[in-house]
Amino acid sequence: MSGDSRLGNPHEDYALEQRLGTLLRGGVIVSAGVTLIGGIMYLAVHGSAPASYHTFSGEPATLRTVGGVIAGVLRGESIAIIQLGVLLLIATPIARVLISVIGFARERDWMYVACSLLVLLLLFFSLAHGG
Amino acid sequence: MHALTFTLLTLAGALLAGLVGALTGLGGGVVLVPLLTLGLGVDIRYAIGASLVCVIATSSGAAAAFVREGFTNIRIGMFLEIATTVGALLGTVLAAYVSSSALAVIFGIVLMFSAAQSMRQRVEHIAVTEPGTLGARLRLSSTYPVGDRVVSYGVEHVPTGFGLMFMAGILSALLGIGSGVVKVLAMDRAMHLPYKVSTTTSNFMIGVTAAASAGVYLHRGYIDPVLVMPVVLGVLTGATLGARLLARVHVKPLRMLFTAIMVVLALEMLYQGLTKRI
């Protein structure tokens with residue numbers, strides 16, 4: 001147990017913690033904003049369309065992949081813009097792991113570079129190939 | 001029902017789920033899936049997809065503050081995320097073979113367990129890392145702020161914690177929840193980390209765990225943008241309001257009320273699952 005604390009955080013990971021905090025907050029705000037814009041655009045046009053999620057039919061192929069979503073956004077499709085917000089949200093923790101890899105590398109902590117790289121690979125695998 | 005009506009209803013429900021999640025400390029997912037399936041008749045796969053996205057949003061939002069304040073142990077988080085991501089990927093494989101009814105039953109059991117955990121008395125641990133153990137080799141000991149002091153803590157039983165995290169990953173993917181209850185159990189009860197470190201590190205890990213299965217479910221078409229939009233925005237607003245309220249209101253009676261709601265939802269999920277209505 002140690003005393004004088006308020007002046008400086010004794011963590012060796014202090015700088016990394018601050019960066020991760022900023023990244024997480026930014027990721028959530030940006031993706032919520034994109035989702036909101038896409039949602040307003042969608043409802044302005046399709047607000048009176050029927051909505052039912054009672055039976056599962058699966059999303060169209062264009063909304064299932066990163067490439068498909070980006071193509072839809074470029075065509076100006078509101079539904080693809082919402083999905084882009086979702087993708088940005090999924091990307092936020094992935095970016096957090098990437099920043100951790102860099103942060104641990106700066107601290108020359110190779111064991112934790114390896115840990116975070118392994119997690120990063122698993123996440124890329126999931127997003128790119130669908131498991 | 002029209003898309004606009006449905007969106008507004010979902011938004012209101014998600015706001016409530018976010019509020020309950022923040023006030024009970026359980027996160028939104030555990031209330032959101034029953035709300036969408038039982039309340040709005042959404043297919044459980046769509047509900048799981050939407051819930052996972054919300055779980056990423058709320059955990060990242062809250063983690064941003066905790067990690068800066070120095071409560072979160074990012075090394076423990078990073079190490080245990082190996083277990084939760086592998087578990088989550090396995091969970092997505094299992095999900096293809098488990099029926100909706102069986103999912104509802106498992107959900108009911110987890111919900112019941114979560115309700116019980118939210119009423120449990122908290123014990124504050126300060127463990128000492130024994131030299132030569134896995135915890136020592138991985139340098140998992142750290143410090144955290146208590147008032148204006150900095151307190152050192154160690155870690156015990158790392159392999160048990162790792163195994164529980166693997167389970168947490170499987171449940172997270174199967175049910176579309178953050179599995180915060182199991183994560184806290186692993187760190188607080190098994191690894192004997194201080195409670196505040198356990199909850200904040202759990203929250204920190206939830207985003208990565210959920211992202212692992214969300215990627216797979218995106219490919220399977222579980223993530224519907226029109227459903228996800230009000231759910232995410234509602235839960236985020238609810239969680240933010242809840243965090244503000246938490247500082248002002250007396251939490252105990254609210255927690256009792258929400259625990260009662262969770263028990264009712266758990267029984268309903270069990271009933272619907274066992275009678276094959278879901």
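How many bridges join strand 1 of chain B to strand 2 of chain B, and in which direction do the two strands run?

I noted at the start that this is a predicted model, in which local features need pLDDT of at least 70, side-chain atom pairs count only at pLDDT 80 or more, and totals for chains, interfaces and linings use all residues. Residues are numbered from 1 along each chain as its sequence is written, while chains are lettered from A and ligands numbered from 1 in the order in which they are written.

Entry on the strands. I found that strand 1 (residues 142-146) and strand 2 of chain B run antiparallel and are joined by five bridges; strands (E, at least two residues) and helices (H or I, at least four) are DSSP runs numbered from the N terminus, and two strands pair if DSSP finds at least two bridges between them. I saw Pro145(B) opposite Val150(B) of strand 2, and in the hairpin, with two residues between the strands, Gly147(B) takes a positive phi near 60°.

Entry on Ser152(B). I placed Ser152(B) in strand 2 (residues 149-153) of chain B. Ser152(B) is partly exposed because 14 other C-beta atoms lie within 10 Å (20 or more would be buried, 12 or fewer exposed, and partly exposed is in between, with C-beta atoms placed from the backbone). Its C-alpha atom is 9.0 Å from that of Val128(B), 24 residues apart along the chain.

Entry on the two chains. I looked up the contacts (C-beta atoms, placed from the backbone, within 7 Å) and found 61 residues of chain A touching 61 residues of chain B. Helix 1 of chain A gives the most to its side, with 16 residues.

Notes:
Contact = placed C-beta atoms within 7 Å.
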